[in-house]
Amino acid sequence: MTDILQRPLEVSEIPLAPQMGRQEDYEPLPLRNLTVGQKVSFDVFLKILHKGQTMPQFVKCCDRGQVFEDEWHQKLRRLRIPWVYVSQKDGARVLRYLQHKLEEALADDTLDDLEKGALVCDTAHVWAGNFFTHEEARTREQVHLGRQLVDNLFEVIGSDQRNILHFLGLSRHKDMRLFTHCLNVCLLGIAFTSYLRWSPEKVRGFGLGALVHDIGLNRTPRAILEKKGKLTEEEMWEIRRHPLDGFRQVQTFIHLRWEALQMVLQHHENGDGTGYPAGLKLSSIHTWARILRILDSYDAMTAKRPWRPAMNPTEALWTMSSDWKRSNLFDLNYLKAFIKFLASR
Ligand SMILES: [Fe+2]
């Protein structure tokens with residue numbers, strides 16, 4: 001059914017936003033990524049809820065190899081639909097298309113940093129989705145591409161750090177997947193370590209570590225990750241294995257710095273020794289992992305979860321400060337610096 005954009009939408013067809021009626025096999029892609037008047041190299045879908053039904057359907061609106069017409073683009077804009085959907089199976093195809101689009105956009109002087117940054121964030125989101133979802137995508141070349149995207153993010157964020165809240169806002173509108181959280185933490189990490197005046201090389205290294213830090217959760221059953229009630233001992237064991245699992249998956253990639261590997265391995269260690277996998281005390285936890293522990297907690301608290309609403313930033317920072325006072329979970333110096341960093345946005 002590819003004519004949905006060529007005929008008027010019927011009243012019984014309601015286009016849905018990414019957060020509504022989530023389904024595993026499709027990913028949202030902001031409309032700005034499709035080049036009007038050019039062929040798309042993957043199938044494009046709309047998410048439609050038919051009146052009287054509870055589950056949305058993904059209806060193909062443009063076939064792979066078909067030109068994405070200006071008329072369709074205008075129609076979607078008129079209908080205020082800023083999203084299309086792509087099949088997760090097409091991840092590699094979509095990524096190649098976006099890479100090409102991004103190269104052109106970055107060289108285009110008529111686009112500003114916010115427009116370029118939005119395209120980099122979209123491409124990095126698709127990259128992370130592909131890397132987390134498909135084991136065969138975890139290659140040296142893909143890690144190299146991830147590093148290039150982090151470099152691009154560094155360029156667009158680094159030139160004006162006030163942009164960070166805008167970019168975080170972009171990914172907040174997306175369906176909150178595991179890799180969306182990793183992209184958020186990567187963006188926060190690039191902005192925060194730049195604020196700390198780290199060298200560009202260290203900032204980029206930190207950003208890439210943050211982008212893959214939860215890779216070990218890709219084997220954890222979704223039901224456990226989204227469980228609303230208390231986790232059983234066995235479920236907790238499944239969760240607690242992800243730093244070591246993740247470390248094992250990425251330790252051979254030469255593009256990841258040693259410090260970034262420590263981020264993957266130690267980002268759930270607590271300063272008081274109650275964390276996992278090793279129960280390290282603060283002085284034994286790598287600095288990069290201590291910083292990631294703070295950013296990770298902050299992003300997790302300020303994101304909406306199936307079992308609770310999102311906390312606002314002040315509430316999250318207050319909770320983190322009181323957690324520190326109670327049990328020395330975080331590195332106080334970096335926590336204070338992070339609060340100051342957010343206050344200066
Ligand atoms: Fe984690």
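Predicted model: local features only at pLDDT ≥ 70, side-chain atom pairs only at ≥ 80, totals over all residues.

Q: Where does Arg80 lie, and what is its phi?
A: Arg80 lies in the loop between α1 (70–78) and β5 (83–87), where helices (H or I, at least four residues) and strands (E, at least two) are DSSP runs numbered from the N terminus. Its phi is positive, about 55°, although Arg80 is not a glycine. Most residues other than glycine have a negative phi, and most peptide bonds are trans.

Q: What makes Arg197 exposed?
A: Arg197 has 7 other C-beta atoms within 10 Å, and is therefore exposed. Arg197 is placed in the loop between α6 (178–195) and α7, and has a positive phi of about 65° although it is not a glycine.

Q: Which peptide bond is cis, and what is its omega?
A: The bond that joins Tyr276 and Pro277 is cis, with omega about 10°; Pro277 is in the loop between α11 and α12.

Q: How do you know that helix α11 is mostly covered?
A: Seven of the nine residues of α11 (residues 258–266) are buried, namely Ala260, Leu261, Gln262, Met263, Val264, Leu265 and Gln266. What covers them includes α7 (200–212), α10 (242–250) and α12 (287–302). For the protein as a whole, buried residues make up 36% of the 345 residues.

Q: Why are α10 and α11 called roughly antiparallel?
A: Their axes come within 7 Å and cross at roughly 150°, where axes are lines fitted to C-alpha atoms, for helices over the stretch in contact, and angles run from 0 to 180 degrees between N-to-C directions. Angles over 145 degrees count as roughly antiparallel, under 35 as roughly parallel, 65 to 115 as roughly perpendicular and the rest as oblique, and α10 and α11 are therefore roughly antiparallel to each other. The contact is made by Pro243, Leu244, Gly246, Phe247 and Val250 of α10 and by Leu261, Val264, Leu265 and Gln266 of α11.

Q: What makes α7 and α11 roughly parallel?
A: α7 and α11 pack at an angle of about 30°, with their axes 9 Å apart, and they are therefore roughly parallel to each other. The contact is made by Gly205, Leu208, Gly209, Ala210 and Val212 of α7 and by Glu259, Ala260, Met263 and Val264 of α11.

Q: Why is strand β3 said to be largely enclosed by the rest of the structure?
A: Five of the seven residues of β3 (residues 44–50) are buried, so the strand is largely enclosed.

Q: How do you know that β3 pairs with β4?
A: Two strands pair if DSSP finds at least two bridges between them, and five bridges join β3 to β4 (residues 57–62), the two running antiparallel. The bridge partner of Lys47 in β4 is Phe58. The two strands form a hairpin with six residues between them, and Gly52 in the turn has a positive phi of about 90°.

Q: What makes β2 largely enclosed, and how does β2 pair with β5?
A: Four of the five residues of β2 (residues 26–30) are buried, so β2 is largely enclosed by the rest of the structure. β2 and β5 pair in the antiparallel sense over five bridges, with Leu29 opposite Val84 in β5.

Terms used. Residues numbered from 1 in each chain as written. Buried ≥ 20, exposed ≤ 12 C-beta atoms within 10 Å, placed from the backbone. Contact = placed C-beta atoms within 7 Å.
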